[in-house]
Amino acid sequence: MPSPRTLVVVAHPDLAASRVTARLADAIRDLDHVTVHDIAAAYPDGRIDIAHEQRLLRDHDVIVWQFPWHWYSVPGVLKSWIDQVLTHGFAYGSGGTALHGKTLRLVTSAGGPAESYGAGGHNRFTLTELLAPIDATAHLTGMRPAEPLVLFGAHTVSDEDLALHAKRYRELLAP
Ligand SMILES: Cc1cc2nc3c(=O)[nH]c(=O)nc-3n(C[C@H](O)[C@H](O)[C@H](O)COP(=O)(O)O)c2cc1C
């Protein structure tokens, strides 16, 4: 069976200044069935070409949202993309079936260590709990959420562990 056409929406406010997100994007960029799409670079003025984005979504089977964890959520650049692209009649509501049956996978990195995410930790909630709005978004739009790939402790991860994580990411997208 051919590999599923995979759209990786890379959502970092400044990929040139990124260590983790940039390293992960580089790990999958050359895969034939993968389209890597840096939305901050594509739309520096924030004016998103909605028809183009919707066409990209229609043309792929697996959608990846790859982003650094910012203020317990997706970065503003991804929130803005979601707000503008997942429109009524396309992603939900009457006739809004374009995303039905697609897979949605989140790939994110957080500065906090794993043990800080949970009832006893200083971030109070697990990442799964904090991701509830995205889980609800996947449900509303008919996408199947895949297990997120998360790197905790992003500020202190060694080059070796980052390389291992990048390898895991590549293996996930290239089964
Ligand atoms: C504006 C901003 C908000 C952030 N908010 C969080 C947060 O809520 N929780 C957390 O664990 N890390 C937070 N971080 C740390 C980032 O998740 C971390 O720097 C990022 O995953 C590293 O990836 P990068 O090298 O691609 O930027 C934040 C960083 C920035 C710049």
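Which residues point one way from strand 1, and which the other way? Thr6, Val8 and Val10 point one way from strand 1 while Leu7 and Val9 point the other way, and all are buried, where buried stands for under 20% relative accessible area, exposed for over 50% and partly exposed for what lies in between, with a 1.4 Å probe and protein chains only. In a regular strand the side chains alternate between the two faces of the sheet.

The model is a predicted one, in which local features need pLDDT of at least 70 and side-chain atom pairs count only at pLDDT 80 or more, whereas totals for chains, interfaces and linings use all residues. Residues are numbered from 1 along each chain as its sequence is written, and side-chain values use heavy atoms, with hydrogens and water left out.

Strand 1 covers residues 6–10, and because five of the five are buried, this strand is largely enclosed by the rest of the structure. Strands here are DSSP runs of E with at least two residues, and helices are runs of H or I with at least four, numbered from the N terminus. Strand 1 runs parallel to strand 2 (residues 34–38), to which five bridges join it, and Val9 has His37 as its bridge partner there. Five bridges also join strand 1 to strand 3 (residues 62–68), again in parallel, and in that strand Gln66 stands opposite Val10; two strands pair if DSSP finds at least two bridges between them. Together with helix 1 (residues 20–28), strands 1 and 2 make a right-handed β-α-β unit.

Gly46 lies 34 residues from Ser80 in sequence, and the two are 8.2 Å apart in space, C-alpha to C-alpha.

The largest pocket is lined by 14 residues, of which Thr128, Leu131, Asp135, Ala146 and Pro148 lie nearest its centre. A pocket is an open set of points on a 1 Å grid over the protein atoms alone, where a 1.4 Å probe fits, with protein on both sides within 12 Å along at least five of seven lines, and lining residues have an atom within 4 Å of a point. Helix 6 gives the largest share of this lining, four residues. The second largest pocket has 13 lining residues, and nearest its centre lie Pro68, Ser109, Gly111, Ala154 and His155.

Key
Right-handed = clockwise from strand over helix to strand, strands pointing away.
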